[in-house]
Amino acid sequence: MSTNNTSEAEIIEENSVAPNIMVNDHLYHSTGELYDGRFYIEAKEEDYNLQFEVNGTITSSVEGYELPHENNQSNFGVGYEYHIVDAENVLVRIEGLWIRYECANSID
């Protein structure tokens, strides 16, 4: 099981499916983008100092080739904080950067 010292690139590389989390009974997958739409590799120093309200933490994990099936679960490790932007978007703090995750299933 991974810890929260894994970069977004390492997460994508080691998993056969995209990094995913489950929050509030919805599956979210990584867009590879920062909170503002830039790709995470375009991060600037000031991006590491951004603060968002933390709404929860990833507390359990499944294998990288599986999809999460419980709330607060990922397929890339535990200990990651997240911020719920809206029903369609969640930000996950990975190595100090807020990465945007997008809802993979429709919100009714």
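In which sense do S4 and strand S5 pair, and over how many bridges? In this predicted model, strand S5, which covers residues 73-74, and S4 run in the parallel sense and are joined over two bridges. Within this pairing, Ser61 stands opposite Ser74 of S5.

## Overall architecture

The eight strands form an open sheet with mixed pairing, in which the order is S3-S6-S7-S8-S2-S1-S5-S4. At the edges of this sheet lie strand S3 (56-57) and strand S4 (60-61), each of which pairs on one side only.

Of the 108 residues of the protein, 42% count as buried, and the accessible surface comes to about 5,900 Å², with 46% of that surface belonging to carbon and sulfur atoms. When contacts between residues at least 6 apart in sequence are considered, 59% of them join residues at least 24 apart.

The structure holds five salt bridges, and one of them is formed by the side chains of Arg100 and Glu33, with an N to O distance of 2.8 Å. Because Arg100 belongs to strand S8 (residues 97-103) and Glu33 to strand S2 (residues 26-34), this pair ties together parts that are 67 residues apart in sequence.

Through salt bridges that share partners, Glu33, Arg100 and Glu102 are joined into one network.

Another salt bridge is made by the side chains of Arg93 and Glu81, for which the N to O distance is 3.5 Å. Since Arg93 lies in strand S7 (residues 89-94) and Glu81 in strand S6 (residues 81-86), the pair ties together parts that are twelve residues apart in sequence. Arg93, at 23% relative accessibility, counts as partly exposed, and Glu81, at 28% relative accessibility, likewise counts as partly exposed.

Leaving aside residues up to four places away in sequence, Asp47 touches Leu34, Tyr35, Arg38, Gly96 and Leu97. Of these residues, Leu34 falls within the range of strand S2, residues 26-34, and Leu97 within that of strand S8, residues 97-103. With Tyr35, the side chain of Asp47 makes a polar contact to the side chain at 3.0 Å. Gly96 is 49 residues away from Asp47 along the chain, and the C-alpha atoms of these two residues are separated by 8.1 Å.

Notes. Residues are numbered from 1 along each chain as its sequence is written. This is a predicted model: local features need pLDDT of at least 70, side-chain atom pairs count only at pLDDT 80 or more; totals for chains, interfaces and linings use all residues. Side-chain values use heavy atoms; hydrogens and water are left out. Two strands pair if DSSP finds at least two bridges between them. Helices (H or I, at least four residues) and strands (E, at least two) are DSSP runs, numbered from the N terminus. Buried means under 20% relative accessible area, exposed over 50%, partly exposed in between (1.4 Å probe, protein chains only). Contact means heavy atoms within 4.5 Å. Accessible areas come from the Shrake-Rupley method with a 1.4 Å probe; for residues, only the protein chains shown count as cover. A salt bridge is a side-chain nitrogen of Lys or Arg within 4 Å of a carboxyl oxygen of Asp or Glu. A polar contact is a pair of N or O atoms within 3.5 Å; within protein, one must be able to donate a hydrogen and the other to accept it, and residues adjacent in sequence count only if both atoms are side-chain atoms.
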